[in-house]
Amino acid sequence: MVQGGEFKEGDTLLKLEDIHMYFGKVAALAGVDLEVKKGEIHSIIGPNGAGKTVMMNCINGLYKPQKGNIYYKGKRINDLKPYKRAELGISRTFQKIELFGGMTVLDNIRLGRHIHLKSGIFSGSIYVGKTKQEELESRKFIEEEIIDLLEIESIRDKTVHMLPYGLQKRVELGRALALNPELLLLDEPLAGLNLEEVEDMARFILDINEEERWKVTCILVEHDMGVVMDISHRVFVLNFGYKITDGTPEEVQNNPEVIKAYLGEEDLYATRR
Amino acid sequence: MRGSEIEITKDLTIPKLFLQQCKRFGKNKVAMREKEFGIWIPFTWQDYYENVKYLSLGMVSLGLKRGDKVAMIGDNRPEGLWAEIAALCAGAIGVWLFQDCMMDEVKYIIDHSDTRFFMGETQEEVDKALFIKDECPKLEWVIWDDPKGMRSYHQDFLISIKKVQELGKELDKKEPELFEKMINEGHGDDICLLFYTSGTTALPKGALLSHYNMLTMGRNLMAVDPCYDTDDFVSYLPFAWIGEQMMSISCGLQVGYTLNFPEEPETAQQNIREIGPHVMFAPPRLYEGMTRQVQVKHIDSTWIKRKVYQFATYVGYRVADLKFEKKPIPWYLKVLSWVAYITMQKKLKDHLGMSRLRHCYTGGAAMGPDHFRFFHALGVNLKQIYGQTEIAGISIVHRDGDVKFDTVGTPIPNTEVRITEEGEIISRSPSVFQGYYKNEEATRKTLVDGWLYSGDRGFIDEDGHLVVFDRSKDVMTLSDGRPFAPQYLETRLKFSPFVQEAWVIGHERPYVTAVMCIDYSVVGKWADDRKINYTSYPELSQKPEVYDLIQRQIEEANRDLPDPAKIHKFVNLYKVFDADDEELTRTSKLRRAFVENRYKEIVDALYGEGDVVHMDTTITYEDGREQRIKTDLRIQRVKH
């Protein structure tokens with residue numbers, strides 16, 4: 001595994017080794033291995049309660065697995081707090097929207113940028129020199145890279161809780177991007193969206209992954225099989241704490257165990273077609 | 001400076017005028033602004049000149065010749081206008097397409113117009129071009145300007161606007177005189193634009209307009225309502241609509257006022273407020289939208305604000321009505337109207353972006369008297385305009401202080417308007433078009449001895465104002481011969497904020513009925529406030545509470561109407577009429593014959609005994625996909 005230095009496409013960016021996570025005696029994850037390469041969209045699928053979100057929480061540091069190792073860019077990050085992991089470039093969105101409802105869209109996104117602001121409270125209060133420079137750069141970044149990408153020009157000054165659900169999801173993605181991440185964890189970004197919003201969101205994920213400017217590696221937890229199979233490079237199938245398989249979308253779709261785990265849900269794949 | 005000070009000769013062309021103005025204003029004046037990344041970005045006349053010049057030369061080096069067609073599609077943005085002027089500078093002809101045109105419309109227009117150059121904005125338009133490319137062999141180049149989403153497109157005939165401009169720069173180095181030489185070759189009688197009319201009935205027809213047509217149009221309109229080079233205008237309606245061309249090019253170029261382009265179509269209302277334009281021209285649906293917005297905000301506001309609003313509108317209506325009747329306004333009303341201005345009108349006009357507005361026009365379709373009075377009660381100088389693409393814009397407008405809301409006004413200078421014995425409106429002016437492209441039969445029918453036959457019916461009233469009837473017969477008759485006016489009823493219904501579209505039926509039937517389309521956001525909010533659950537438009541529209549709400553709106557519209565004109569039954573449709581489904585024209589006029597055929601089951605049920613209609617139909621999305629809809633619609637009777 002490469003350690004430090006410049007990471008190229010195809011290098012292992014994130015590695016999970018034999019992760020065990022128990023809640024009391026319930027094993028949410030029982031020895032899970034995952035390897036995410038730079039430049040991929042790596043999806044995690046599985047039935048409800050399979051442990052997908054637990055995996056996300058382990059990666060970004062909300063949970064601490066009892067056993068196993070997590071390597072990010074070759075460095076063990078088990079003991080790092082979530083905000084430290086964010087500084088390394090790991091960003092995420094949540095299954096249930098976790099925005100600040102009373103704040104504007106712009107303020108929510110700016111908050112995601114906070115980690116990159118270096119100027120202190122004193123220069124900030126008089127807005128001179130470095131602070132001013134920093135603010136201008138940050139504004140340019142948010143406007144040109146995020147607002148324009150996500151097409152949320154018309155709502156930038158609206159309060160978040162007034163917005164429809166689909167737009168809130170988009171704002172949450174915007175906040176995650178403000179961190180300028182290298183690895184983005186997307187926890188059910190399509191849940192609760194209508195057809196048109198799903199298509200928009202899928203396109204944004206592709207843009208973030210492919211556009212020269214971003215090239216963000218994505219881990220996607222999602223139930224919408226149509227989209228997962230369409231946009232993922234690899235799919236990891238989890239079933240109640242155990243890995244069933246990890247492979248390309250075609251391999252996964254033809255895997256008999258996967259079909260068994262999803263038995264009775266064959267039509268799931270057809271939902272959006 | 002007034003635009004009419006420029007002398008329009010037969011030798012003058014749009015590019016020649018463009019060159020003159022660029023030299024006159026140069027770096028010292030802002031020609032246009034675009035809001036981008038949250039900031040208004042100005043372009044001076046010098047920037048305008050350079051962008052147009054290199055784009056024009058770039059297209060020439062790609063093989064553009066005089067008389068070629070350049071099709072353009074996309075949102076209103078500086079690049080769109082540059083492309084148009086650039087094409088004209090090279091002696092080519094501009095063809096604008098509506099941005100939401102469906103594939104087969106795009107294909108028809110590109111093919112019929114013999115377009116060689118296609119200028120799109122972003123991936124969406126490029127996709128349209130790629131889709132039709134094989135079937136339109138004459139199409140050679142597809143130009144785009146927004147790189148978003150274009151990373152995986154590598155076809156040889158795709159080229160970015162930046163690349164084209166670089167080619168232009170190279171050509172300019174080789175032949176520095178070429179650009180002005182191309183411009184000087186032009187003549188006022190050359191064709192500059194090919195406009196495909198929306199066509200309420202048949203396939204679109206391409207109207208040919210010359211430079212002289214366009215320029216005299218601007219001059220004659222501004223002779224009535226002068227514009228100044230210090231004015232601001234917001235360009236946000238489709239360039240494929242002649243009204244927008246008239247304001248941005250015919251008038252804009254002559255006076256040199258600043259054009260402002262909104263950030264996105266969704267932010268237009270907000271951006272208009274930031275700019276505060278001096279002139280505005282929009283079809284009725286935009287004013288209807290504003291009215292609805294005000295009424296909804298009024299319902300939502302606090303008690304004290306509602307009282308102030310009611311007082312101010314009461315005063316406003318009194319004053320407006322006296323002005324309409326050309327009666328003097330008594331001193332106490334003047335005082336009250338000043339109070340109304342301070343307490344309400346000033347703020348409201350600011351919110352609507354109308355605080356600096358000198359003239360605002362509505363045209364393209366009929367506007368209801370309720371909406372008209374509403375704006376005049378606010379102190380907004382709203383005026384009707386009448387015209388068509390074939391006359392490069394308009395022929396008739398209201399004069400300040402002589403506004404009658406059931407008329408469209410009096411002819412602009414150099415324009416004659418007459419009524420034939422059959423009641424058809426005909427007009428003659430220097431702006432009358434040159435004929436339809438590749439359609440001599442239609443040209444012969446429309447252009448007779450220099451007179452433009454509009455196909456509209458109307459008459460001239462005692463004050464010399466023109467009154468226009470609806471294209472598809474303004475007055476219909478019930479089966480017992482009693483007359484009623486469907487369009488008048490529809491505009492009355494649409495004055496309710498809850499109603500987005502209405503279709504009134506009754507021709508040769510025993511009584512009048514209506515198909516209603518609720519306004520999703522307004523009715524949705526109303527339902528939310530009352531804890532009524534719904535998940536979609538079809539479901540919301542069928543809620544009994546919503547039916548009762550709509551019934552109350554109909555009863556309100558029915559009031560004061562003679563018996564035959566009253567609506568007896570109605571049904572809430574499961575969707576809003578849409579131009580993509582061919583129910584409306586691209587300029588939002590209802591295509592009666594089409595909907596009558598499409599919703600035959602509903603019409604039959606409205607005149608049958610039953611209370612329910614079973615619907616099984618498909619709706620079309622903008623990208624051509626279809627969705628099947630199965631639903632039951634309820635029919636409700638209106639009490640009288």
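**View 1. Where H5(A) meets H6(A) in this predicted model**. On the H5(A) side, the residues in touch are A:Ile142, A:Ile146 and A:Leu150, and they meet A:Arg170, A:Leu173, A:Gly174, A:Leu177 and A:Ala178 of H6(A). Contact here means C-beta atoms, placed from the backbone, within 7 Å. Helices are DSSP runs of H or I with at least four residues, strands are E runs of at least two, and both are numbered from the N terminus. Helix H5 of chain A spans residues 129-150 and helix H6 of chain A spans residues 165-178; their axes come within 10 Å and cross at roughly 150°. That makes H5(A) roughly antiparallel to H6(A). The crossing is right-handed. Axes are lines fitted to C-alpha atoms, for helices over the stretch in contact, with angles from 0 to 180 degrees between N-to-C directions. Under 35 degrees counts as roughly parallel, over 145 as roughly antiparallel, 65 to 115 as roughly perpendicular, and the rest as oblique.

**View 2. H4(B) packing on H5(B)**. Helix H4 of chain B (residues 103-112) and helix H5 of chain B (residues 123-133) pack at an angle of about 65°, axes 10 Å apart. H4(B) and H5(B) are therefore roughly perpendicular. This crossing is right-handed. B:Met103, B:Val106, B:Lys107 and B:Ile110 come from H4(B), and B:Lys128, B:Phe131 and B:Ile132 from H5(B).

**View 3. The fold of chain B**. Chain B has 21 helices and 29 strands. Its radius of gyration, taken over C-alpha atoms, is 25 Å, close to the 26 Å that the globule rule (2.2 Å times the number of residues to the power 0.38) gives for 640 residues, so chain B is as compact as a globular protein of that length.

**View 4. Confidence along chain B**. The mean pLDDT (the predictor's confidence in each residue, 0 to 100) is lowest in strand E28 (residues 612-620), at 78, and highest in helix H2 (residues 45-61), at 97. Chain B averages 90.

Residues are numbered from 1 along each chain as its sequence is written, with chains lettered from A and ligands numbered from 1 in the order written. Local features need pLDDT of at least 70 and side-chain atom pairs count only at pLDDT 80 or more, while totals for chains, interfaces and linings use all residues.

Methods
Left-handed = near helix turned anticlockwise from the far one by under 90°. Contact = placed C-beta atoms within 7 Å.
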